[in-house]
Protein chains: 2
Amino acid sequence: MLDPDLPAFQDIQTPALVLDSGALARNISGMAAFAKAHGIGLRPHAKTHKSPRIAQLQLEAGALGISCATVAEIEAFAQAGIPGLLLTSPVADRAKLERLARVARVTDIRIVVDHADQIGVLCELLGEGSRPLQVLVDIDVGQRRTGVCDVASTLALAQLISAAPALRFGGIQGFAGHVQHLIDADERKAAAAVVRGILDAHLRALADAKIDAAIVTGSGTGACSFDASGPYTELQVGSYVFMDADYGRLQREGGGALPYEPSLFVLATVTSVNRTGEFTVDAGVKALAFNGPTPELMIGAPAGSTYRFGGDEHGMITMSPGSVAPKLGSRVLVLTTHCDPTVNLHAYFHVVGHNNGVETWPVLARYGS
Amino acid sequence: MLDPDLPAFQDIQTPALVLDSGALARNISGMAAFAKAHGIGLRPHAKTHKSPRIAQLQLEAGALGISCATVAEIEAFAQAGIPGLLLTSPVADRAKLERLARVARVTDIRIVVDHADQIGVLCELLGEGSRPLQVLVDIDVGQRRTGVCDVASTLALAQLISAAPALRFGGIQGFAGHVQHLIDADERKAAAAVVRGILDAHLRALADAKIDAAIVTGSGTGACSFDASGPYTELQVGSYVFMDADYGRLQREGGGALPYEPSLFVLATVTSVNRTGEFTVDAGVKALAFNGPTPELMIGAPAGSTYRFGGDEHGMITMSPGSVAPKLGSRVLVLTTHCDPTVNLHAYFHVVGHNNGVETWPVLARYGS
C-alpha cells in the first residue's frame with residue numbers, strides 16, 4: 001500500500017494523480033492470465049488511462065491491441081507507435097473521418113460504424129489504392145447510446161462494407177456499459193447473458209449470409225468474468241488497471257469480488273483543521289470526478305473517515321468519533337471516485353516504482369475531440 | 001442566441017466550449033451596474049473562467065480586482081498582468097506558501113489564512129525588507145469547509161497578522177458556497193442574512209479591539225442581490241458571466257430571477273440516430289461537468305428535449321413525442337451543467353464575437369495545484 005508520507009512525494013504539489021506501479025503490474029498480469037486461461041483476446045481500453053506507457057505494459061502482457069474512445073486518442077496512440085488500435089465510438093462528421101483516414105494510411109487501425117452515411121464518406125475519403133480499412137458494425141446491446149438496433153441493419157451495413165473496395169468487414173461490437181457497473185454480481189451475470197444472446201442473434205444472421213465476423217468485441221471490467229466463454233473474441237476491459245470507488249462498491253457489496261486492487265489515488269494536502277471531527281483537503285470537483293461514489297479508501301485519514309465534495313478545490317473528510325485529525329499541511333491519498341474521468345482532470349501520473357522512486361507519465365488527448 | 005450552424009463553427013471539432021461574447025458583455029455590464037448602484041466593490045472569481053481575457057473585461061467594467069482559488073491561478077493571472085488579486089483558499093503547505101511569497105514580491109496580492117501556522121511560515125518566508133503582504137482572516141460562515149469557527153480565533157489571528165512586520169491585516173472573508181445554490185429565493189435570502197449576521201459579530205469584536213477590517217469579502221452570484229447593503233465591501237461573484245443549468249434552475253424554479261443570461265455552451269455533434277425518439281451527441285462526462293443538473297437548454301435539438309449522460313464521450317438526448325431528430329453529423333449547442341468545472345475540462349473557449357467571427361481564448365491553470 002502506498003504511503004502518503006513517501007519522501008518522493010514531498011516534491012509533488014497537490015492535488016496530484018499518483019499511481020502504484022506494483023499494483024498496476026499485478027492488475028495487468030492478472031487480467032492477462034485470465035484471458036490466456038480462457039483463450040480469449042484482450043484489447044484494453046485507453047479511455048481509462050490515456051497513457052501509451054500503460055498501453056505498452058498491456059501489450060507486453062499479451063494484449064492484441066488497444067481500444068480508443070476518441071479520434072484524438074487514436075491519433076496520439078498511433079503516433080506513440082501503439083499497434084492494433086480500435087476506435088470504439090462511431091464518428092459522424094467529415095472532418096473527423098478525414099483524420100481517421102489519415103491515421104489509417106500509416107497505421108493498421110479498425111473502427112466501428114452504425115450508419116450507412118459513415119460508410120459512404122469513408123469510401124470517398126480513402127480512395128481506390130489504399131490498404132482496406134477494417135470496419136466493424138456497432139450494435140446497441142441495450143445501453144441505448146450508439147449502435148444499430150436490429151439484425152437487418154447489421155446485415156445491411158456488413159454487406160455495404162464488404163462491397164466497398166476501400167473497406168473490409170471486421171466483425172461486430174456490442175458494448176454494454178449499462179451492465180459493467182451493476183452492483184449485484186448475480187444481476188450483472190444475468191444482464192451480461194442477455195447481451196451475449198443479442199450478439200449471438202446478429203452473428204447467426206451474418207453466418208446465414210456467409211459473412212464472416214472475425215472480431216466480436218465488447219465487455220468490460222465488471223462483466224468480463226462472465227463473458228470469456230461467450231461469442232466475444234476479445235474483451236475491451238479498461239478500469240481493471242486502476243480500480244476505483246465505483247468498482248470498489250462491486251467488490252464490497254456485490255458478492256463475487258473482482259480480483260484486482262486499487263492502484264490509482266489522488267494525493268491531497270490537509271488545508272484546514274479548525275472544525276471538530278473533520279478536516280479539509282485540497283481535492284475537490286476539479287481533481288476527483290464527481291460521477292462515482294465518494295472514495296471509501298483514504299490512506300492517511302483515520303479509519304472510518306468519509307469524504308464529501310466541497311466545491312471545485314476542496315473535499316471535507318469527516319472522522320469517526322474520537323479520531324485525531326492529521327496535521328495541517330500533511331498528506332492524504334484518496335482513492336479515485338470514477339477512474340476514467342478523474343485521470344482526464346490531470347496532466348500527469350506520478351508513478352511510484354522501484355525503490356519508491358517517482359516518474360511522471362503524461363495523460364494524452366485530454367480535450368475529448 | 002447562438003446558432004449551432006454558424007459557418008465559423010464548421011472548423012471547430014467537437015466537443016468544444018463556445019462563448020457568446022455579446023451575452024458575456026451584457027452579464028459583465030449588468031453586474032457592474034448593480035455594484036455601482038449599491039456602492040459596493042466587485043472582485044469577480046477567476047475559478048469560474050480561468051481566463052485573463054475575461055478578467056480584463058471585468059476590470060474594464062470597474063472591478064477592484066480578481067479572486068483566485070489556487071496558487072496556479074494567482075500565478076497565471078499575475079503573469080498576465082491582472083491587478084488586485086485575492087487568493088480565496090487558505091494554503092497549508094510550505095512549497096505553495098513559497099510560491100505565494102514569490103508572487104507577492106512582484107505583484108500586489110492578498111491572501112486568506114485560517115490558522116496561526118500559516119502566519120508563522122509566511123513571516124519566515126517573506127523576510128524583513130519586503131512590502132507587507134495583505135492577509136485576511138477566512139471565517140467559516142456555515143459551509144464547514146475552511147475558515148475559523150469563532151470570534152476569538154478571528155481576533156487572535158488578526159492580532160498575529162498585525163504584529164508581523166512582513167504582513168498587513170487586510171480584513172475578513174466569509175464565503176457561503178452553501179447559500180449560493182439554494183433554489184428558493186426566500187430561503188436563499190434568509191440564509192444570506194444569517195451569514196451577514198455571523199460576519200457582523202466578527203466585525204464588532206475587531207472594532208472593539210481597534211482593529212480595522214478594510215476588506216469584507218464574500219457572497220456570490222446566487223446571493224449577491226441580498227448582500228449589497230450588508231457588511232461586505234466587495235462581492236466575489238463568479239458564475240454570473242456564464243450562467244449554467246444550475247443557476248438556470250434558480251431562475252426557473254426559485255422565484256426572483258437573476259438578471260443574467262446563458263453565454264457558455266458546449267458545441268456537440270450528433271453521432272448516432274438509430275433509436276426512435278432519441279439521438280446521441282459526442283459530449284459526455286469528459287466535456288460537461290457531472291455536478292449540476294443536466295442541461296435544460298439545447299439549441300439545435302427539438303423543443304422539450306432532455307439530456308442524459310452516456311459515459312465519458314456520449315450524451316443521449318430524448319425528444320418529446322413526434323419530434324424529428326437532427327441529421328447525423330449536425331451540431332447542437334448544449335448549456336453547461338455547472339460552469340466552473342465544465343470550463344476546467346476544456347483547453348480553449350471558442351469566442352463568438354463581432355460579425356460572428358470566432359477567436360480562441362485559452363483556459364489557464366487547469367491542473368488545480
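Close-up 1. Strands are DSSP runs of E with at least two residues, helices are runs of H or I with at least four residues, and both are numbered from the N terminus; two strands pair if DSSP finds at least two bridges between them. In the hairpin of strands 13 and 14 of chain B, 5 residues lie between the strands, and B:G311 takes a positive phi near 95°. Please keep in mind that this is a predicted model, in which local features need pLDDT of at least 70, side-chain atom pairs count only at pLDDT 80 or more, and totals for chains, interfaces and linings use all residues. Residues are numbered from 1 along each chain as its sequence is written, while chains are lettered from A and ligands numbered from 1 in the order in which they are written.

**Close-up 2. Helix 3 (residues 71-79) of chain B is mostly covered.** Of its 9 residues, 7 are buried (a residue is buried if 20 or more other C-beta atoms, placed from the backbone, lie within 10 Å of its own). They are B:V71, B:E73, B:I74, B:E75, B:A76, B:F77 and B:A78. These buried residues pack against helix 2 (52-60), strand 3 (66-68), strand 4 (85-87), helix 4 and strand 5 (109-113) of chain B. Look just after helix 3 of chain B for B:G81, which takes a positive phi of about 80°.

**Close-up 3. In chain A, 8 strands form an open sheet with parallel pairing.** The strand order is 2-9-8-7-6-5-4-3. Strand 2 (41-42) and strand 3 (66-68) of chain A are the edge strands, each pairing on one side only. Within the sheet, strand 6 (residues 133-138) and strand 7 (residues 167-174) of chain A run parallel and are joined by 6 bridges; A:D138 stands opposite A:Q173 of strand 7. Helix 6 (residues 151-163) of chain A packs on the sheet, touching strand 5 (109-113), strand 6 and strand 7, and its direction makes about 155° with that of strand 7 (axes are lines fitted to C-alpha atoms, for helices over the stretch in contact, and angles run from 0 to 180 degrees between N-to-C directions).

**Close-up 4. Helix 10 (residues 245-253) of chain A has buried residues.** These are A:A245, A:D246, A:Y247, A:G248 and A:L250. Their cover includes strand 15 (331-335) of chain A. Just after helix 10 of chain A, A:G255 takes a positive phi of about 75°.

**Close-up 5. At the interface, 54 residues of chain B are in contact with 55 residues of chain A.** Contact between two residues is counted if their C-beta atoms, placed from the backbone, lie within 7 Å. Helix 4 (94-106), strand 10 (264-272) and helix 11 (339-343) of chain B each supply at least two residues of the side that touches chain A, and strand 10 gives the most, with 4 residues. 100% of the interface residues of chain B are also interface residues in chain A, so the copies meet through the same surface.

Key
Buried ≥ 20, exposed ≤ 12 C-beta atoms within 10 Å, placed from the backbone.
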